[in-house]
Amino acid sequence: MKDYIVSARKYRPLNFDSVVGQKALTTTLKNSVKSGKLAHAYLFCGPRGVGKTTCARIFAKAINCLHPTENGEACGLCESCKAFNEQRSYNVFELDAASNNSVEAIKDLMEQTRIPPQVGKYKVFIIDEVHMLTTAAFNAFLKTLEEPPAHVIFILATTEKHKILPTIISRCQIYDFERIKVSDIVEQLKMVAKNESITYEEEALNLIAEKADGGMRDALSTFDQAVSFCQGNLTYKKVIEDLNVVDADNYFKIIDFCLENKAADVMVLLNSIINRGFDGGGLINGLAVHARNVLMAKDEETLPLLQVSQKRAEKYKEQAKKCPTDFLYKALKIMNKCDINYRQSNNKRLLVELTLIEIAQITQSDDDGNSAGRGPKRLKCLFKHIINVQPKVANQVATAEPPVSRHTLAGKQKNEDNGVNGTSNNHETDNKEHGKMAEVMATKTAARKPALKLGGLSKSFANLKSKNQSQQIAIEQDEVPANANQDQPFSNDDVSREWIAMCVRMTEKSPNLIGIASRMKNMTPIIKEFPHIEAVVDNGLLLDDMTKIKGSIRNTLALRLQNSNITFTLRLAEPDEIKPILTNKERFELLKTNYKAFGKLSEMLHLELN
């Protein structure tokens, strides 16, 4: 029985052309070998399993080849290439920095750099996982890396470039390896399966490639595992069972159920998936990826972003035709929120169930029954509308009929009593009085009914809901104009004081006006011609926002300054009127410059602004 070699080692690339998914980098390295323009240090960085160490070995073999080919590859026939292939070359040294990260290990390596190569031109030192070196080891390595002997080339490989000292990075040529595309991994797996006489379904290979997350080594390792389980016949169902992955058909079913508002069917499917040992958080993440793919499939331009098989891409396109874009946006937002809260949740399954129920109700109309399962947002808005509408309804009813005082009713009752005791009032007068009282009581009763009858308020709710939602800028402070009889004098200081107070109230009462109020605080309105007040605005956007609340600002100033004759205007500032806003430190220095006494006092007391 022959010794078994795993696919990741057996099919490891031996030349640049066989490296998968890194064509730009391998082309650059081959051109360097052809031209002989070699740097003294290289840094290969990127995710795991994408070919960093493999390319370092191929590059080391090529630069020491005695007869390189025209395209920059090693010939594989010379003594240097044979020694490299048989792993007896003295020109290539590999160091695992994860287990040799001390200063002593680096010093031993530096000693070997002094010995020139016996065969070939260069001694190549490959340091893998170089980010694991200690700071002291990096410092010991720094001087040699900066000025190595002419026959020495360093190739550093790492998965975490950010952990390497900037002084090391600045002395290297940096090559960033990228994740390998799913399609490239699938093509490589097809080649391996053909060489090993293994039958396969393309969907199965595509699933293995997706599971590898851009790493060829992981893909080949998963491939070997699946082959052992499937006994040489890779099918989609067997690979799903072996890798313990949720079947993609479940995601298609969940989206279809949610589009039809079938929350119960979604719960049954969720239960069956969890009973098979799958995690709810993984299901939500997989469903989010699925929804993203459906969204990408809605446009022909974004369709190439789907790194899936052709058969799966057609299924995505078919479902994308049924899914509204707004539904996918909202579903992704809900699932992202669930993913953020999943780890902190004590009842994770309930969180997943609520998330799926909420997704299933996105396309549900708002006029469904009370059992529709809507979130508390609608209920909260309903209470808010009731609070806002009830005073308006009461005011409308109160103004429909003048109020009847208690004394008036008492007087009418007294007149009725006098009529009964034999006074000159006849029965017709009594009947009229009784009729008027009945009308008054009926009016009062009618005034009470609209405030209690929710059915009567439903139209008001509908009218409020249909209003333009863009009218968000509404000042929430005193809008009551001053009495017509008020005519109190005021000064610029009074205007400034009330202006600042008004801005403070705006920030406290209305979050929508915080930005406007903060910019209004930097303005100084002045009295142009009593009682006319003018405010100069330094930009057009702020002018537009303030124009919308100009009437409320005028009413507030008239009320607070007790002058109903006040007029208020806004004007865009001229270029020479715009003054920069000074910081506290700049104001302090300006005071010292303008007031010499203050400057002397600050020097005597050693005043400083924190």
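Visitor: In what order do the three strands of the open sheet with mixed pairing stand?

Guide: Before answering, note that this is a predicted model, in which local features need pLDDT of at least 70 and side-chain atom pairs count only at pLDDT 80 or more, while totals for chains, interfaces and linings use all residues. Residues are numbered from 1 along each chain as its sequence is written, and side-chain values use heavy atoms, with hydrogens and water left out. Strands here are DSSP runs of E with at least two residues, helices are runs of H or I with at least four, both numbered from the N terminus, and two strands pair if DSSP finds at least two bridges between them. The three strands of this open sheet, whose pairing is mixed, follow the order β8-β9-β10.

Visitor: Which are the edge strands of that sheet?

Guide: An edge strand of this sheet pairs on one side only. From one strand to the next the twist averages 40 degrees, where angles run from 0 to 180 degrees between N-to-C directions and axes are lines fitted to C-alpha atoms, for helices over the stretch in contact. The edge strands are β8 (526–529) and β10 (567–572).

Visitor: How do β8 and β9 run, parallel or antiparallel?

Guide: Strands of a sheet pair through backbone hydrogen bonds, and they may do so in either sense. Here I526 stands opposite E534 in β9, and three bridges join β8 to strand β9, residues 532–537. These two strands run antiparallel.

Visitor: Is E534 buried or exposed?

Guide: E534 forms a salt bridge with K528, the closest N and O atoms being 3.9 Å apart; a salt bridge is a side-chain nitrogen of Lys or Arg within 4 Å of a carboxyl oxygen of Asp or Glu. For exposure, buried means under 20% relative accessible area, exposed over 50% and partly exposed in between, with a 1.4 Å probe and protein chains only. At 12% relative accessibility, E534 counts as buried.

Visitor: At what angle does helix α24 run to β10?

Guide: Helix α24, residues 540–548, lies across β9 and β10. Helix α25 (residues 550–561) packs on the sheet as well, touching β9 and β10 (contact means heavy atoms within 4.5 Å), and its direction makes about 135 degrees with that of β10. For α24, the angle to β10 is about 160 degrees.

Visitor: Which residue in β5 is the bridge partner of F44?

Guide: Strand β1 (residues 41–45) and β5 pair in the parallel sense over four bridges. The bridge partner of F44 in β5 is Y175.

Visitor: Which helix holds K30, and is K30 buried or exposed?

Guide: Leaving aside its neighbours within four places in sequence, K30 is in contact with F16, D17, N71, G72 and E73. The helix that holds K30 is α2, residues 23–35. At 13% relative accessibility, K30 counts as buried.

Visitor: How many residues apart are D494 and R497 in helix α22?

Guide: The side chains of D494 and R497 meet in a salt bridge at 2.9 Å, N to O. D494 is partly exposed, with a relative accessible area of 21%, and R497 is partly exposed at 47%. In helix α22 (residues 492–509) they are separated by about one helical turn, because their spacing is three residues.
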